[in-house]
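Subject: Model handover

Hello,

Here is the model for you to look over. My notes come after it.

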Amino acid sequence: MESISRISNLLESARELTLDAAQAARSSRSTTRSLPTAQLKKLLDSRNDREVLDGLRRVISMMYRQQKTLPFFSSVVKNVASPNIEIKKLVYIYLIHHAEQEPDMALLSINTIQKSLSDANPQVRALALRTMSGIRVPVISQIVSLAIKKGLVDMSPHVRKAAALAIPKCYRLEPNTLPQLLEYLTTLLGDKQYFVAGAAVSAFMEICPDRVDLIHQHYRSLIKKIVDMDEWSQLAMLRMITIYARKCFPRRTRSAKAKDKSADLQDFYGEGESDPVTEGEQVVVLDPDLVLLLNGIRPLLQSRNSGVVVAVARCYADIGTSEYTKAAVGPLIALLRGAQDIQQVALYNIVSVCLAHAKPFVKYASHFLVHTTDTAPVWELKLEVLTLIFPYSPLQTKSLILNELEHFSRGTNKLLVREAVRAIGRCALADPATAPRCMRLLLGQITSLDGTLAAESLTVIRHLIQQDPRAHVGTVVRLAKNLDSATDPQARATIIWLVGEFAGLHGEDNIAADVLRILLKEFADESEIAKRQVVLLAAKVYLHHINRAIESQKDGEEDQGPPPNSEDHPIARLWNYVLLLVRYDTSYDLRDRTRLYKALLSVPQLATLMLLAPKPAPQAPSPSETRKGLMLGSSALVLAGGGGVHGLRGYKALPDWVEEGREPDPQLRNQGGVTNEYGDEKRVVPAAQILGEASSGTQGGSSNGLSSSATAAGTGAKTLDDWLAEDEDEDGDEEEEDGQELEQAEEESEEEESEEEEGDDDEESEYESDDSEAELEGFLND
């Protein structure tokens, strides 16, 4: 009979599973079809859990499709007391979504949710706490606070995590509850479970990120737990400890000796080598707790989450040294193997690190070669990285970079051509030794039929010539010869401007006047920008002619030619011809400029100061220089563009380093009176250890290496061997006591009654001492 009943039970359970599967399959196909309101309410009011679950799924589906589901509020909320956890979940989701619209009805379900806080199932308790904190009705703020307080002491870590996540919601609901929430938060920060502590850190960063005094006693334990936390908690933790380090660890430096070397850290691939430090160089001295932090987060460089890798790199860049930053270079390069969106964000952060530490990226130069599938932002950043690492690269890598840039400068993509030519210019400015090769490369492109390439090449050539004008006179003559082949207006204007800058060299033998004569033949056909430069060239040539004539008169030399103001001199005739041409030009701006130059030339000294003043050498900074002060991993670094630090609202920069002498006392980070584990200071013996030694009759004790949190919890500082040795000693003591008791019993039979009574008293005192020792050992074991 038992076998038959067992078979029937199995068949019944199989039938229920089949019905559930069929119901789930049917609901997945049919929930998209809306049922009439009356039929939905009938499902919600049913006593069958299957029908209620089907109705709730349909209502939730309608809710997320932006359909009206508020009429079902009363029918849905009354199922909050259902013992079925699936029904509870759906009711809680609906309740959180509509509680603000129906606060009175939502308050009716608070009592039932409070009862769920005492449910035997920890999942139900956590769900109830999460739901209560998610109901945004200010009236229940104190109830939510009490629920969080109850969740703090829950045995389940999942409930405690829910309590930690509920703290920011309670704070947004009622900011006046902050003092109570800070007490709860302090307790949760010291929780032994890493995921509870991670949720507490997230809550801390949301409600009180500046209260670093709450972190002191939990600092070391949090550092040990960060490796086991989830990715979101790790991001919050890395942000928090960066701020903590800036506020609690002053930046100390000392003069290095010849034998000193920087921190010996291997990079991500185990190929890093520390650079020797020269004598007298200022070396950063790191606090031991800061070293604990920097070494503790190093395993996170192998995280699968790209955000965590970037956050660790940010910590190393903001609070570490260059050696720690080198350790993050390899993991950052590994992010380039991801999707294009991740690759783009990773490149923004790589460029930001490369602006300060370019040398570690040299060996990864091949990772920044442009591919045909790269989007415009990606190849722009890659070209920028190549120009940043160019000065630190060996000759072979430099040749590779220049060949790469030359190839893309002759492509069909105009944007890529422009960026490649500008990158060549930045390479030449960064490394003067390669400037001649870059100049030859650019001069070969000015005759290109592509106007964009020619214009950009001439702009870069102009920048290079202005760095050392005397060394590039022949280059200007070559450019002037190619003026007829240049068709782009910007290219022609650049060449004319360069000829005007060199118009004062070699006196009358200069080619500027002859170039001006040729240009005036087709002045009417020139573009607007080229006409402006032609007029400026004419003014400079005429001004040099006037200055030479004045100097010759001062020296007492007889002028062989006509006087300076004579209309017979060829340069004067050219200037008058320019005035006539511009007078009838259609551009009012050009006419105004010419009148201005004419008025200036009437006073040669003033004209010399205005037109012939030395020009500063132009600089070509990296395009990301405006992002240099932004934090790694921040959205402002990617989206701010050229807006600088204030490009995005809500961006918060890191605080400055605390001044030496104003930092918090390092003893605050000692837990339970135990000092730094890796320091040279002597440990303070905990009270639990003193009690253990007193009970066992031993003196002193050695540390077993336990964490300070475990010591404070009452475990003492004894090892397992010490406890076993104590048990053996107690067994030996008990055997000796039994032998003594037998001998004492024989002696008592021969002694007087008074001596027997005294013997009994001694035995009772011994038993009492044994009981007290057993109680003390039980307390220590607990």
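**Ground rules**

This is a predicted model; local features need pLDDT of at least 70, side-chain atom pairs count only at pLDDT 80 or more, and totals for chains, interfaces and linings use all residues. Residues are numbered from 1 along each chain as its sequence is written, and side-chain values use heavy atoms, with hydrogens and water left out.

**Confidence**

pLDDT is the predictor's confidence in each residue, from 0 to 100. The protein chain has a mean of 78. Of its residues, 75% reach 70 or more. Helices (H or I, at least four residues) are DSSP runs, numbered from the N terminus. Confidence is highest in helix α18 (residues 329–334), at a mean of 94. It is lowest in helix α34 (residues 708–715), at 40.

Two stretches need care. Residues 751–770 have pLDDT below 50. Beyond near neighbours in sequence, that stretch has nine contacts in the model. A contact means heavy atoms within 4.5 Å. Residues 772–782 also stay under 50, with twelve contacts beyond four places in sequence. Where pLDDT is low, the predicted coordinates should not be read in detail.

**Helix α14**

α14 is mostly covered, with 13 of its 18 residues buried. Buried means under 20% relative accessible area, exposed over 50%, partly exposed in between (1.4 Å probe, protein chains only).

**Single residues**

S133 sits in helix α8 (residues 122–134). Is S133 buried or exposed? S133 is buried, at a relative accessible area of 5%. Leaving aside neighbours within four places in sequence, S133 contacts V144, A166 and K169.

Q66 is in the loop between α3 (49–64) and α4 (73–77). Q66 counts as exposed, because its relative accessibility is 72%. Its phi is near 60 degrees, a positive value in a residue other than glycine.

**Cysteines**

C170 is buried at 0% relative accessibility. C208 is buried too, at 7%. The disulfide count is zero, where a disulfide is a pair of cysteine sulfur atoms within 2.5 Å.

Best wishes

How values were computed: Helices (H or I, at least four residues) and strands (E, at least two) are DSSP runs, numbered from the N terminus.
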